[in-house]
2 protein chains.
Amino acid sequence: MSVERSKAARNRPTIHDVAAAAGVSRGTVSRALNGGRNVSPAALEAVLKAVRTTGYVANPAARSLVTQRAHSVAFVLTEPQQRLFEDPNFSILLQGCTQELAEVDVPVLLMTASTEVERKRTSRFIAAGHVDGVLLVSSHTGNPLLDELRDSGIPVVACGKPLGHERQVAYAAADDRSGARLMVEHLLSRGRRRIATITGPPDTPGGVERLAGYRDVLGESASPDLIAHGDYSRAGGEAAMAALLERAPDLDAVFVASDLMAAGALNVLHDSGRRVPQDVAVGGFDDSSIATSTRPALTTVRQPFQRITREMVRLLLEQIRGEPPAASILPTELVVRAST
Amino acid sequence: MSVERSKAARNRPTIHDVAAAAGVSRGTVSRALNGGRNVSPAALEAVLKAVRTTGYVANPAARSLVTQRAHSVAFVLTEPQQRLFEDPNFSILLQGCTQELAEVDVPVLLMTASTEVERKRTSRFIAAGHVDGVLLVSSHTGNPLLDELRDSGIPVVACGKPLGHERQVAYAAADDRSGARLMVEHLLSRGRRRIATITGPPDTPGGVERLAGYRDVLGESASPDLIAHGDYSRAGGEAAMAALLERAPDLDAVFVASDLMAAGALNVLHDSGRRVPQDVAVGGFDDSSIATSTRPALTTVRQPFQRITREMVRLLLEQIRGEPPAASILPTELVVRAST
DNA sequence: GCAACTACTGTGCACGTTCACAGCGCGGTT
DNA sequence: AACCGCGCTGTGAACGTGCACAGTAGTTGC
C-alpha cells in the first residue's frame, strides 16, 4: 500500500503532461484553466480534453508559491474548546462559514486559541501565511490575538462587535440591542411586571448590548436585584437563575441572553416548583436548536445565523481582494413559543 | 490598509535573509531548523538568533512543493450538515482530532460531503493533494466517497467500523457490541424483564453492533415488538419510542442506541405519563453532554471519545509515514445515573 | 505596401524551500 | 607521507505553477 501510494503520488500529472497531451505549451494550459482569456477555441477544447484524459488537478502548493495566496481561510475559536460542542451556536457558525466558502472553493482551517499555548501556535501559524484571512469567533474582549492578527496585516472578520476595535476590524453581528428590546416588550405585553434578566459576561458584546436593550425598555424600573450575570453556559444559567430567585422570589419573567443559559434556567425554575409560563415566563436569545428541545419550547430572539455567516464570508473575501474593512449589522426577529 | 498588507507580505523574511543574518548558507539554516543534525553548536545558535531577530517563519507552500507533503489533514463529515450541531458527538470528534493534531502542528481542514455536489468537490480537492490524509466520519455504508478515496491512494482513517471495508480501511471504534451487553445486563440486574431497544440505522456499525449486543444478552426473549429503529436524531428517538409504546405498552426498560435519541425517548415517556426510572428505565449510549442535561440524568455507555480521536490521529500519521492501515477497538464503560 | 494593431502562443524566470552532492579541514590509521 | 573517515558547510538543482515578455500570423488602416 505504501508503494502504491508513493507511486500514485509520483505519477500525478503536471501541467507539462497536459500541455504535451493537448499539443500546446504550458502557458496556454495555464491561461485556459485560469479564466481562458486569449485562448483560441481549438486550444481551449484540446486543453480541457487533455485535462480530462490525464486527470490533471493543479498542485495547490506550486500555485500558492507563485501567487502568494494560500487560497484558504482560518476559522479561529478563542472560546474554551468545550464550548464548541456545548453551545450549538459555534457549530452553526462553523458549519455556515464552511459551506459558504465551499461555494467559492475555499477550504476552511479550524483552529482554536483558548489557551496561551494554542494562541501562540495559531498566531505563528497564521503569520506563516498558511491562510489568506481569518474568521474570528471570539466574544470576550481583551484577547491579545486580535491585536496580533492586526499587526500581521492579515484580513480579519470578527463575529459580533469586537469591543474596543469596532473601527479597525471588520465584523458581522446581529442587532443585539433591538433584539433584546423586542423580547422585553413582548414580556410586558404578556402582562409581566417583574421582569428579570440573565446577561452574558460584561466583556462580550452580547453581554453589554442585550442588557442595554433590556434597560432601554424598562428604564428606571430595572432594579439591580433583577439583573444577574451568566457566562453563556448551561451551568451559568442555572446559577444565575438560582441567585435571582433568592433575591427576587416574586419575579414573573426572565429574559435570558442565550438559549443555553435559558435551558439551565428552566431546569432551576422547574426544580423550585414554578410553572413556565404560568408563574414565570422565560425568553431566550439565539433560536438555536436548544430552543425547540426544551420543555416548554422556548420563546426566543432569532439570530440570523445564515445571514451572519454569509456576511462574514463576504466581508472577508472583500478584504482579501484589497478593499477596506467594513461592518454589517443584521436584524433579529422574535420567535414566540410556549415559554411565554 | 491594502498597501500595508501587500508591503507586509513582500517583506516577509525568507530563508535567505536568515542565512545572511546568521552568516551561514541556506542549507545550514534549513538543517538547523529541521532536526539540527550535522550542525555545529555555534552555527545552530547563530541561526536561532537570526530567526528570532528577523521573525522568520517558513513558507509552507514552498516547503510543500519540495517535500510533496501538505502537512495538513482533512476532517470529512458525510452526514447531513445539520448533524454537526444537533449531535454533540460530531463536535467532540472534530474538536478532539483538531486538538490532537495541533500537538504535532498539523492543521485540520473541515469538509462536508453530504450532497452529491459536496462529495465531488471534496473528492477533487483531496485528489489535488491539498492534504496528506483524511479522517472520515461517515457512519452510513454505501457512500462512494470511501471508494474514491481508496482509489486515490490517500491515507484514510474511519471513525467507527467501515462496514464492508473492514479489511482495507483503517479505523478506530468503540467496542459497541460489548458496550450494549453491559447496558442490557445492567437493566436486567435492576429487575427489568420487558427490555425494549431503539437501534441506530441498520446500515451503520452502531446500528448493527449495538443490536447484536442486545440480542447476545436477551437471546430468544427479544421479541420483535421490543425492537424499533431510529436514525440517531432526537426526532427519530421520539418516533421510535412512540411506536414501542404502541406495540408494547408494558415495557419496563429501553436501551437506546444514542443519547440524543434517548433524550427524545424521555420526552415521549414523560408525555405518556410514565415515570423514569420508576415505570420505565432508560439507558443511552455515548455519554455525550446530553446525558447530564436530561431530567432525569441518563445512565449510558461511555464511548472513550478522547481515546478514539487519539487513535484515529495515530493511525493516520502512521499511514502517512508509510505503514499499512490498522484498526483499533476501544473498550466502553457503563455510567450509571438517575434514569435506571 | 507598409505600419500598426489584434489575437494568440511559446519561453524564461521567479516564488522559497529541501535534498543530494561535493568540498573542506582535521585527526587517526596504515 | 599518504590515506581514509568524519563532522560540518556551501552550492546547484529540483518541486509545479503563473506571469511578463517576446514573438508570430493575420487583419485593418492610411
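A residue is called buried here if 20 or more other C-beta atoms, placed from the backbone, lie within 10 Å of its own, exposed if 12 or fewer do, and partly exposed in between. By that rule, 51% of the 340 residues of chain A count as buried. The model is a predicted one, in which local features need pLDDT of at least 70, side-chain atom pairs count only at pLDDT 80 or more, and totals for chains, interfaces and linings use all residues. Residues are numbered from 1 along each chain as its sequence is written, and chains are lettered from A and ligands numbered from 1 in the order in which they are written.

**Chain A**

Chain A has 15 helices and 12 strands; these are DSSP runs (helices H or I, at least four residues; strands E, at least two) numbered from the N terminus. Its radius of gyration, taken over C-alpha atoms, is 26 Å, well over the 20 Å that the globule rule gives for 340 residues, so chain A is more spread out than a compact globule. The globule rule is 2.2 Å times the number of residues to the power 0.38. The C-alpha trace of chain A spans about 85 × 40 × 40 Å along its principal axes.

**The contact between the chains**

Two residues are in contact if their C-beta atoms, placed from the backbone, lie within 7 Å. The contact takes 50 residues from chain B and 49 residues from chain A. On the side of chain B that touches chain A, α7(B) gives the most, with 7 residues. The table divides that side by class; Ala, Val, Leu, Ile, Met, Phe, Trp, Tyr, Cys and Pro count as nonpolar, Asp, Glu, Lys and Arg as charged, and the others, Gly among them, as polar.

| Class on the chain B side | Count |
|---|---|
| Nonpolar | 24 residues |
| Polar | 17 residues |

Strand β2 (residues 108–112) of chain A runs antiparallel to β2(B), and 3 bridges join them. Leu110(B) is the bridge partner of Val108(A).

Chain B can be laid on chain A with an RMSD of 0.2 Å by a turn of 180° and a shift of 0.1 Å along the axis, which is the relation of a two-fold axis. The same surface serves both copies, as 98% of the contact residues of chain B recur in chain A.

**Helix α11 of chain B**

Helix α11(B) (residues 205–218) has 14 residues and reaches 20 Å from its first C-alpha to its last, close to the 20 Å expected at 1.5 Å a residue. Its buried residues include Leu211(B) and Tyr214(B). The buried residues of α11(B) pack against β5, α10, β6 and β8 of chain B. Just after the helix, Gly219(B) takes a positive phi of about 55°.

Definitions and conventions:
The expected span of a helix is 1.5 Å times one less than its number of residues. Two strands pair if DSSP finds at least two bridges between them. Copies are superposed by least squares on the C-alpha atoms of residues with pLDDT of at least 70 in both.
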